[in-house]
Amino acid sequence: MNRTIEYTIEENSDGLRVEQFLRRRGFSRQNLTEIKQMPQSVMVNGTHYYMRCQLHTGDHLAVHISETKSSEKIPPCELPLDIIYEDEDIIVVNKPADMPIHPSMNNYYNSLANALAWYYEQQGKPFIFRCCNRLDRDTSGITVIAKHLVSSSILASMVIERKIHREYLAIVKGGLPEKSGTIDAPLGRKPGSIIERTIDWENGETAITHYRVLEEKNGHSLVSLCLETGRTHQIRIHMKYLGHPLIGDYLYNPDMELIGRQALHSHRMCFPHPITGKQMEFIAPMPEDMRKVLED
């Protein structure tokens, strides 16, 4: 993947070294180490510069990113791909249920990574798979993939700094007595399981979920959930902890009468663009299988 990121140096950056300027724009030290090894990677006013060279007001800085390798062990496969948005730095996909994010032992040819590998192979472009928000196999909705090492690094920092706002929709059992609230309960691995998680007050990691009931129908509630932290199975465990588990959840509430997977959808995501800083917002409508539960 080739990408040129351009900057015009303003007065408040006068005298900074190239590496200092780029670090302030979110480039990691590892990014700079890799970029230095790429041909003609840093150009200032059309002249090759080293990372230690100084910049001055009005300079035109161009950073050339050239990645020629593709992710190993991800065979390209022609699979449905619902692309919501794409530019030179990110691609936003509405992932269907029953599609894993990464290939695994029993899902080597049916993952989102396989679909994207095919998509870029058809364009004759190398592609390294860098997913920024990993959804469970049976969770549908918005996921963001970085298209090069710099956007990946900046998005990863945004996750840690909680600059990415994520809203999920879930259908849960019963009616919640409180129509909005916050669940603050730490999560850890369930003893004896490598997959399941549980509330662990002694050794668990901090987990905070904000919820709001949107609709109650047919003995179920449609709930909007916003994550303050992003622990594995956080929403699924937190709603079970409240006594209102997600329907269709084979691990924590195997009630498959109305839906064949956990009724959870990544509905909305907001974050500053990793390169331009422009505020971005993406929405994926609730899928048909969840809508039917509330319509019947």
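Mentor: One term to begin with: buried means under 20% relative accessible area, exposed means over 50%, and partly exposed is in between, with a 1.4 Å probe and protein chains only as cover. This is a predicted model, where local features need pLDDT of at least 70 and side-chain atom pairs count only at pLDDT 80 or more, while totals for chains, interfaces and linings use all residues. Residues are numbered from 1 along each chain as its sequence is written, and side-chain values use heavy atoms, with hydrogens and water left out.

Trainee: How many helices and strands does the chain have?

Mentor: The chain has 6 helices and 16 strands. Both are DSSP runs numbered from the N terminus: helices are H or I with at least four residues, strands are E with at least two.

Trainee: What share of the residues is buried?

Mentor: Of the 296 residues in the chain, 49% are buried. The C-alpha trace spans about 65 × 40 × 40 Å along its principal axes.

Trainee: Which residues of helix 2 are buried?

Mentor: Helix 2 covers residues 29-36, and Asn-31, Leu-32 and Ile-35 are buried there. Seen down the helix axis, the buried residues fall within an arc of 95°, so they line one face of helix 2. That arc is taken from the directions from the helix axis to the C-beta atoms.

Trainee: And what covers them?

Mentor: The cover includes helix 1 (18-24), strand 4 (60-66) and helix 4 (149-160). Helix 4 has its own buried residues, among them Leu-149, Val-150, Ile-154 and Met-158. Helix 2 and strand 4 are included in what covers those, along with strand 8 (140-146) and strand 15.

Trainee: How far apart are the end C-alpha atoms of helix 4?

Mentor: They are 17 Å apart, which agrees with the 16 Å that its 12 residues should span at 1.5 Å a residue. The expected span is 1.5 Å times one less than the number of residues. Just after helix 4, Arg-162 takes a positive phi of about 60°.

Trainee: Switching to charges. How many salt bridges are there?

Mentor: The count is 17, where a salt bridge is a side-chain nitrogen of Lys or Arg within 4 Å of a carboxyl oxygen of Asp or Glu. One of them joins Asp-89 and Arg-3, at 2.7 Å from N to O. Asp-89 lies in the loop between strand 5 (83-86) and strand 6, and Arg-3 in strand 1 (residues 2-8), so the pair ties together parts 86 residues apart in sequence. Both Asp-89 and Arg-3 are buried.

Trainee: What about Glu-167 and Arg-268?

Mentor: Their side chains meet in a salt bridge at 3.7 Å, N to O. Glu-167 is in strand 9 and Arg-268 in strand 15, so the pair ties together parts 101 residues apart in sequence. Glu-167 counts as buried at 10% relative accessibility, whereas Arg-268 is partly exposed at 22%.

Trainee: Is Arg-166 buried or exposed?

Mentor: Arg-166 is buried, with a relative accessible area of 15%. Arg-166 is found in strand 9 (residues 165-173). Not counting residues up to four places away in sequence, Arg-166 touches several residues, including Leu-225, Gly-230 and Arg-268. Contact here means heavy atoms within 4.5 Å.

Trainee: Last one: where is Leu-242?

Mentor: Leu-242 is in the loop between helix 5 (234-241) and strand 15 (264-272). Leu-242 counts as partly exposed, at 33% relative accessibility.
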